[in-house]
Every structure is written in structure tokens, then in C-alpha cells.
Amino acid sequence: MSELTTKTIAELREGFRSGEFTAREIAESFNNAVAAAKSLNAFTVETPDDALAAAEAADKARGSGELSPLAGIPLGIKDLFATRGVDTTAGSNILKGFRPPYESTVTSNLRKAGAGMLGKLNMDEFAMGSSNETSAYGPVISPWRRKGSNVGLTPGGSSGGSAAAVSAGIAPGVTGTDTGGSIRQPAAFTGISGIKPTYGRCSRWGIVSFASSLDQAGPMARTVRDCAILLEVMAGFDPKDSTSLDLPVPPWETNLSSNLNAKRIGIPKEYRIDGVPAEINALWDQGIEWLKDAGATPVEISLPHTRYALPTYYIIAPAEASSNLARYDGVRYGLREEGVKTLDDMYAATRAAGFGAEVKRRIMIGTYVLSAGFYDAYFTKAQKVRALIKQDFARAFEQCDIILTPTAPSAAFGIGETTDPLAMYLNDVFAVPASLAGLPAMSVPGGLDAQGLPLGLHLIGNELDEQAVLNAGLAIEERAGFTAKPDKWW
Amino acid sequence: MSVTHEQVRHIAKLARIAMSEEELGRLVPELNNILGWVEQLGEVNTDGVEPLTAVIEQKLRLRDDVVNDGNIRDEVLANAPEAQHGFFAVPKVIE
């Protein structure tokens with residue numbers, strides 16, 4: 001039943017419900033695909049028995065006529081989500097062997113809806129990276145290759161394992177997390193869809209913290225509809241997260257519509273930046289045409305503080321990270337470095353051995369910008385600029401209903417090709433502003449570049465308006481007709 | 001502003017990350033590069049702007065002041081590198 005792995009979640013749901021195939025057959029197909037794709041390095045742990053157990057429950061429930069929304073659907077789970085009894089390491093050596101005695105709210109919601117787990121997905125260490133190269137497990141290799149080349153490419157990051165798994169057809173859908181583009185950039189690099197909802201839609205409880213004021217979970221899948229199906233289950237109020245929004249979850253899937261009549265599409269002029277390949281700007285123009293075709297009217301908008309978003313992010317995110325990652329001290333869980341005499345030396349030795357270079361770099365930056373004498377100059381200043389960036393969007397949404405931009409300033413690059421930290425940070429130039437403003441944003445595939453690599457289009461919606469994002473995403477999906485798949489080499 | 005080797009050593013101490021002289025030396029230009037870049041925020045006029053504290057406006061909730069969890073000592077200790085007599089164990093602090 002290998003053809004099952006080519007189906008979307010909506011198709012699997014339909015086929016399972018109608019009895020065309022069983023949940024067990026679905027789970028076995030994906031388990032086999034996962035086992036055969038080790039060269040992608042997409043999974044840190046494989047959990048075939050978990051997927052089978054959920055499938056068995058789904059098949060039984062189908063017999064008795066009770067169907068949960070995700071019954072029969074096996075998913076990949078980013079290693080940032082705490083999963084009861086299953087290694088949860090955030091791609092870091094410092095959490096080696098950590099088996100949470102609890103389950104994150106998001107994965108718990110997915111399980112209650114009947115989903116099984118195929119395994120945990122590789123990622124940049126603590127979600128700090130845009131290429132998956134900072135993972136303690138080594139980088140994920142993208143299923144995509146440049147035309148006529150065998151060079152290993154990055155699937156993007158930090159949700160790189162998630163993106164690779166969906167694009168390789170070894171998981172029908174996955175969870176990702178997005179702090180400054182970590183769902184959208186990898187989705188763009190691998191020709192799949194991914195949405196980061198409004199900050200607070202998905203509970204952060206049980207997700208390993210990176211930058212708490214920015215971290216949001218979201219789904220990645222082959223289609224916009226599949227993202228809507230997953231997001232409806234993942235989102236929802238959770239009293240265990242103080243920033244969780246106490247609002248009902250809209251029926252995003254039912255309300256999907258690619259009719260954009262009377263919708264205004266904002267095109268921010270500040271996103272036309274130097275050094276972006278012409279193909280990306282051409283795709284952006286094509287995206288405008290597609291949305292016009294769907295009934296929308298483009299309007300030029302201005303987001304004047306756009307160029308300050310990345311430097312703002314690279315103060316706030318490391319500051320929050322340095323604070324959040326203080327908990328890794330070798331006492332309560334994870335790695336402990338032995339052979340040192342004092343408690344202070346044990347902390348320092350454990351953190352030296354357990355964290356990788358990028359994580360250390362960000363903790364250092366964060367510690368510095370929060371330290372006495374520098375706090376106001378860096379951190380407070382960044383929080384003020386963040387307020388201005390948020391205000392830019394609020395003003396823009398008086399003139400438009402949705403914003404269209406490219407997702408990333410390049411297609412996927414080769415592993416090892418980008419070694420300068422600043423150059424790496426620039427990957428998220430289009431993704432970060434929406435993160436700083438807490439807005440829902442999505443990447444959908446738009447087409448291939450001349451090298452045969454996927455490029456994504458990026459939709460940013462107003463607060464709580466995931467529906468507008470999904471609808472515009474659907475309109476693009478229907479018109480782009482993106483069906484390209486990587487040639488199987490793994 | 002730029003950081004010196006001594007300052008980077010101090011930041012590493014604050015961050016509780018052991019670093020060799022060589023590592024510190026490598027980090028000095030890296031951190032200065034990043035700090036030099038973020039300093040462009042100085043160009044932005046933020047007079048009278050309140051620092052953002054909540055990205056999506058909402059009221060902080062209070063929960064009822066009741067015990068709703070607990071009695072899971074063994075679960076809490078299960079992941080400890082070292083646990084003794086129902087406690088986390090650490091290197092001796094007092095001689």
C-alpha cells in the first residue's frame with residue numbers, strides 16, 4: 001500500500017472512513033517509509049508501535065461508528081514537544097535521554113483526536129537555526145536536490161526534520177514550531193505548506209521554551225486544507241499556559257474558501273530588498289496576479305520599520321533564550337558533567353559540554369543584553385522598536401485584509417554553504433516581522449526556481465484572522481498547481 | 001559599544017558556561033559583529049514609545065489558590081542525573 005504515502009490527510013481521512021483502507025494499513029505504510037528514509041536524518045526517534053497502537057484504536061472505533069477528527073492519521077512530532085516516555089531532547093546533547101513524565105498540550109490534543117505518532121523529528125538545537133545544521137544529531141538532508149547535482153541541501157530550519165518528512169512523503173503531516181520563521185522558511189524550502197497561528201492560539205505548555213514571547217506551534221502538511229485540519233485540533237485554550245488565548249477555535253476547515261472577492265491584499269514596499277534573486281520577486285508578482293484572479297485587489301502598503309525587525313529579534317530572542325535556558329544546570333534532568341569539584345564548576349562544565357556553538361552564542365548575546373548597564377540600551381530599546389513594528393502592521397491592516405510577501409530571500413542552500421551567523425540570520429528577514437507582531441502567517445508553495453528548487457509565498461494576516469491566511473493560501477494553491485515532488489534518492 | 005576579551009569572559013561566567021581562552025577569543029569578534037549589527041536600532045526614534053510587553057493583548061488570569069498537582073516525587077526525580085533519598089543530589093557545597 002505504498003501509494004497511501006502520497007495521499008493528503010483529507011484523502012486519508014476520507015479513505016479510512018469509507019473503509020477503502022484501514023488505519024493499520026496507513027500506519028504500516030508510513031512506518032515503512034520512515035524506516036526506509038534514514039539517510040534524510042529526519043527523525044531522532046522512531047515510534048512505529050505508537051502509530052500502530054493509535055491505528056488499532058481507530059480501526060476498532062470505526063467498527064463502532066465513533067470517529068475522532070484525526071482517527072487513522074499518523075503524524076511526525078518535532079522534538080521540541082514533550083512526549084510522555086519518549087525521548088524529548090530539542091535537538092540538544094544537554095537533554096540527552098530526557099523522557100518527560102508528561103505530554104505537551106498540543107500533542108495531547110492531537111492524541112485525543114485519534115492521531116498516532118510516527119516519531120520525533122530532528123531540528124536545530126533548541127530551535128535556534130535556519131538550516132538544521134545546529135542539531136546535536138547532525139543536519140537533516142532535504143529530499144530536494146538541485147537539477148543535475150548530488151550536493152546535500154538543507155531543508156531549512158528550525159523545523160527541518162518536519163519539513164523533510166512531509167516533502168519526502170514519510171509523514172502526511174507534522175507539528176512544527178515557529179519563533180522567527182521556523183515553520184515557514186522550511187516549508188518554503190521543501191515545497192510544502194505550514195502555518196504559524198496568532199500568538200496564544202496553541203498552548204506552549206510542554207513545548208521546550210526558546211523565546212517565550214515569540215514561540216508558537218503550528219502544523220506543516222502538503223496542502224492548505226491539511227494545515228487547517230491539524231491546526232483546529234492543535235489550537236485551543238489551555239489554563240496551563242498563561243498566554244493561551246481563551247477563545248473558541250473557529251471551524252477553519254469548514255470555512256475554507258478561495259473566493260477573495262472584496263479582499264484587499266497588502267503589498268509592503270519595504271519587502272523589495274536588495275540581493276533577492278529576480279526569480280523570487282517574479283514569483284511574488286505572480287502571486288499578486290493569482291490573488292487578483294481570486295477576486296482580491298492589491299494595494300501598496302508601507303511597514304516602515306521592516307528593516308529593524310531582524311536586529312530587534314536578535315536582541316529579544318537571545319535575551320529570552322538566555323533566561324529560559326538557565327534551567328539546564330545538570331541537576332534535574334539531562335546531561336551532567338562529572339569530575340569537577342564544586343557546584344558552580346558542575347553547572348559551567350555541564351553547560352559547556354551540553355550546548356552547541358550557536359546556542360552558546362545566543363546565550364552569550366542574551367546574557368549581555370540583559371546585564372546591568374546594557375539592559376536599557378539593548379533590551380528595552382528592542383521592546384520599543386517591537387512596539388513600533390506591531391503598530392506598523394496595525395496601521396497596514398486598516399488598508400488591507402491580508403499581506404503577501406515572499407517567504408524567504410533564497411531557495412534552499414547547501415549544507416555547510418552558509419557559515420557566517422549573520423548571513424544565516426538574514427534567511428528569516430521576511431518571516432521575523434510577523435513573529436514580532438504575534439500575527440498568523442503561512443507559507444505555501446508557489447513554484448520552482450531555475451535549479452528546480454521550491455519557492456514559497458508568504459501570507460500574513462491580522463490578529464486572530466487565520467481564516468484569511470488559509471483562504472488566501474488556498475487561492476494560491478489552486479492557481480499555482482504545485483505538484484512537483486523531489487526525485488527519490490534516499 | 002563593543003566587548004573586550006575580559007567582558008566576554010565575564011559574560012561567560014554570568015551565563016555559567018565554561019570556556020577556554022581560545023573559545024573566548026573566537027567569540028569576541030563574533031559577538032562584536034552581531035552587537036554592531038543590532039546597534040542600528042539606535043537610528044529609530046523611540047521617544048515616548050512604551051516597550052511592548054504583551055504581543056496580543058490579554059488579561060493575566062488568576063487561578064484558584066488550591067493544590068491541583070503533586071505527589072509525583074518519583075516522576076519528578078526520574079530524569080535526574082543523580083537522586084538520593086528522594087532528593088536531587090549535587091556536588092557538596094559546604095565543606
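Colleague: Is B:W37 buried or exposed?

Modeller: This is a predicted model, in which local features need pLDDT of at least 70 and side-chain atom pairs count only at pLDDT 80 or more, while totals for chains, interfaces and linings use all residues. Residues are numbered from 1 along each chain as its sequence is written, chains are lettered from A and ligands numbered from 1 in the order in which they are written, and side-chain values use heavy atoms, with hydrogens and water left out. Buried means under 20% relative accessible area, exposed over 50% and partly exposed in between, with a 1.4 Å probe and protein chains only. With a relative accessible area of 16%, B:W37 is buried.

Colleague: How are the rings of A:Y425 and B:W37 placed: stacked, edge-to-face or tilted?

Modeller: Rings of Phe, Tyr and Trp (its six-membered ring) pair if their centres lie within 6.5 Å; planes under 30 degrees apart count as stacked, over 60 as edge-to-face and the rest as tilted. Here the centres are 6.4 Å apart and the planes stand at 45 degrees, so the pair of A:Y425 and B:W37 is tilted.

Colleague: Which helices does the pair of A:Y425 and B:W37 join between chains?

Modeller: Helices (H or I, at least four residues) and strands (E, at least two) are DSSP runs, numbered from the N terminus. A:Y425 counts as buried, at 3% relative accessibility. The pair crosses between chains, and its two ends lie in helix 13 (residues 421-425) of chain A and helix 2 (residues 21-38) of chain B.

Colleague: At what angle do the axes of helix 1 and helix 3 of chain A cross?

Modeller: Axes are lines fitted to C-alpha atoms, for helices over the stretch in contact, and angles run from 0 to 180 degrees between N-to-C directions. The axes of helix 1 (residues 9-18) and helix 3 (residues 48-63) of chain A come within 10 Å, and the crossing angle is roughly 50 degrees.

Colleague: Which residues does A:D50 contact, leaving aside its neighbours within four places in sequence?

Modeller: A:D50 lies in helix 3 of chain A. Its C-alpha is 8.3 Å from that of A:G119, which is 69 residues away in sequence. With those neighbours left aside, the contacts of A:D50 are A:R111, A:G116 and A:M117.

Colleague: Over which ring does A:K240 lie?

Modeller: A charge sits over a ring if NZ of Lys or CZ of Arg is within 6 Å of the ring centre and within 35 degrees of the ring normal. One such case is A:R145, whose charged end sits 4.0 Å from the ring centre of A:W489. At 3.8 Å from the ring centre, A:K240 lies over the face of A:W205.

Colleague: Is B:H85 buried or exposed?

Modeller: B:H85 is in the loop between strand 1 (83-84) and strand 2 (87-88) of chain B. Although not a glycine, B:H85 has a positive phi of about 50 degrees. At 74% relative accessibility, B:H85 counts as exposed.

Conventions:
Contact means heavy atoms within 4.5 Å.
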